[in-house]
Amino acid sequence: MAIKLQQNEQKDLIGSIQRYFKENMEEPIGDLKAGMLLDFCLRVIGPGIYNQAIADAQAHMEAKVSDLTVECYAETEDYWKKKK
């Protein structure tokens with residue numbers, strides 16, 4: 001599954017890459033090269049991060065579903081118990 005970014009997100013990330021290069025590397029990086037680096041990261045690193053996020057979300061949801069029995073449990077046949 002290819003990771004698609006909104007145009008404004010992509011622009012912001014390219015700006016972040018350029019800022020990183022400006023502050024931490026010997027040379028600045030232009031728009032084209034920063035865009036290519038972002039594309040590379042999305043293709044190579046992105047799927048692993050995405051898969052881990054899905055696994056984390058699934059584990060979280062499974063934990064919530066398993067708590068339903070405890071959280072939503074209602075005693076049965078307690079009407080007569082209250083009368084006594």
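First, some ground rules. This is a predicted model, where local features need pLDDT of at least 70 and side-chain atom pairs count only at pLDDT 80 or more, while totals for chains, interfaces and linings use all residues. Residues are numbered from 1 along each chain as its sequence is written, and side-chain values use heavy atoms, leaving out hydrogens and water.

Let's start with the largest pocket. On a 1 Å grid over the protein atoms alone, a pocket is an open set of points where a 1.4 Å probe fits, with protein on both sides within 12 Å along at least five of seven lines, and lining residues have an atom within 4 Å of a point. The space in the largest pocket is about 210 Å³, a volume being what is filled by probe spheres set on the grid points, which are joined across faces, edges and corners. Among its lining residues are A2, I3, G35, D39 and R43. Helix α2, residues 31–44, gives the largest share of that lining, with 5 residues. Helices here are DSSP runs (H or I, at least four residues), numbered from the N terminus.

Now, which residue forms a salt bridge with D39? It is R43, with the closest N and O atoms 3.2 Å apart. A salt bridge means a side-chain nitrogen of Lys or Arg within 4 Å of a carboxyl oxygen of Asp or Glu. D39 and R43 are 4 residues apart in helix α2, so about one helical turn separates them. D39 is partly exposed at 34% relative accessible area, whereas R43 is exposed at 63%. For those words, buried is under 20%, exposed is over 50%, and partly exposed is in between, using a 1.4 Å probe and protein chains only.

How many salt bridges does the structure hold? There are 2. E23 pairs with R19 in a salt bridge, and their closest N and O atoms are 2.8 Å apart. These two also sit 4 residues apart, this time in helix α1, residues 7–24, and are therefore about one helical turn from each other. E23 is exposed at 52%, and R19 is exposed at 55%.

Last stop, the surface. L37, F40, V44, I45 and I49 form a nonpolar patch with about 450 Å² of accessible area together. Such a patch joins nonpolar side chains (Val, Leu, Ile, Met, Phe, Trp, Tyr) within 5 Å, from residues with over 30% relative accessible area and no salt bridge. Helix α2 supplies its largest share, 3 residues. V44 is in that helix, and V44 is exposed at 52%.

Methods
Patch = residues over 30% accessible without salt bridge, like charges linked within 9 Å, V, L, I, M, F, W, Y side chains within 5 Å. Areas by Shrake-Rupley, 256 points an atom, 1.4 Å probe, with all protein chains shown as cover.
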